[in-house]
Amino acid sequence: MRVVLGSDAEGMSLKEIIKDVLIADGHEVVDYSEEPAADFVDSALAVAHDLLEHEDSLGFAFDGYGVGSYMAATRVKGMVAANISDERSAYMTREHNNCRMVCMGPKVVGPEVATKIAREFLAADYAAGRHQIRVDMLNKMA
């Protein structure tokens, strides 16, 4: 799977860990933050806009807490993003909400939990069906 990453300076340590895991797991990784973005808004928007152009891709944005990237990403029309700190929520937000982007940060989750979050998110498939009503509602809001 094609996976897009972006980070500011505070999220770089976690982004690098997840990047290595994703590459080892065989994913194609597009990293918009080989060097950290000047601000989490820049990195989150880079990921969100890429995902809108590549419908089969998913992504992760990193900053200190993940909340800033989440707030920036959800301002992009058509982007469903989530600020996640546990692997079950990562799976369910993908399966039920067609979330395309997870935002997280090293001040909230450590490397082991972040790895589980990434793997669970990427393992889930959007179920559509009855869930599409909510996704359509979310897309109308942004």
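This is a predicted model: local features need pLDDT of at least 70, side-chain atom pairs count only at pLDDT 80 or more; totals for chains, interfaces and linings use all residues.
This is a short walk through one protein structure, from its overall build down to a few single residues.

Before the details, some ground rules. Residues are numbered from 1 along each chain as its sequence is written, and side-chain values use heavy atoms, with hydrogens and water left out.

Let me start with the overall build. The protein has six helices and five strands. Here helices (H or I, at least four residues) and strands (E, at least two) are DSSP runs, numbered from the N terminus. Reading from the N terminus, the order is β-α-β-α-β-α-β-α-β-α-α. The radius of gyration is 13 Å, close to the 14 Å that the globule rule gives for 142 residues, so the protein is as compact as a globular protein of that length. That radius is taken over C-alpha atoms, and the rule is 2.2 Å times the number of residues to the power 0.38. Along the principal axes, the C-alpha atoms fill a box of roughly 40 × 25 × 25 Å.

Next, surface and contacts. Of the 142 residues, 46% count as buried. Buried means under 20% relative accessible area, exposed means over 50%, and partly exposed is in between, with a 1.4 Å probe and protein chains only. The protein exposes about 6900 Å², and carbon and sulfur atoms supply 52% of that area. These areas come from the Shrake-Rupley method with a 1.4 Å probe; for residues, only the protein chains shown count as cover. A contact means heavy atoms within 4.5 Å. Among contacts between residues at least 6 apart in sequence, 72% join residues at least 24 apart.

As for charge, there are 14 positive and 23 negative side chains, and the centres of the two sets lie 8 Å apart. Lys and Arg count as positive and Asp and Glu as negative, while His and the chain ends are not counted. Each charge is placed at NZ of Lys, CZ of Arg, CG of Asp or CD of Glu.

Now the strands. Six of the six residues of strand β1, residues 2-7, are buried, so β1 is largely enclosed by the rest of the structure. R2, V4 and G6 lie on one side of β1 and V3, L5 and S7 on the other. In a regular strand the side chains alternate between the two faces of the sheet. β1 pairs with strand β2, residues 28-31, in the parallel sense over four bridges. Two strands pair if DSSP finds at least two bridges between them. Within this pair, R2 stands opposite E28 in β2.

Strand β5, residues 101-104, has M101 and C103 pointing one way and V102 and M104 the other, and all are buried. Which strands does β5 pair with? One is β3, which runs parallel to β5 and is joined to it by four bridges; there, G59 has M101 as its bridge partner. Another is strand β4, residues 81-83, paired with β5 in the parallel sense over three bridges. In that pairing, N83 has C103 as its bridge partner.

S57 sits in the loop between α2 (40-53) and β3, and counts as buried at 2% relative accessibility. Leaving aside neighbours within four places in sequence, S57 is in contact with R2, V4, L51 and R100. L58 belongs to strand β3, residues 58-62, and is buried with a relative accessible area of 1%.

Is K15 buried or exposed? K15, in helix α1 (residues 12-24), is buried, with a relative accessible area of 0%. Beyond four places in sequence, K15 is in contact with L5, S7, D31, S33, E34 and F62.

Last, two backbone angles. Most residues other than glycine have a negative phi. N98, in the loop between α4 (87-97) and β5, has a positive phi near 55°. A128 also has a positive phi, about 55°, although it is not a glycine. A128 lies in the loop between α5 (111-123) and α6 (132-141) and is partly exposed, with a relative accessible area of 27%.
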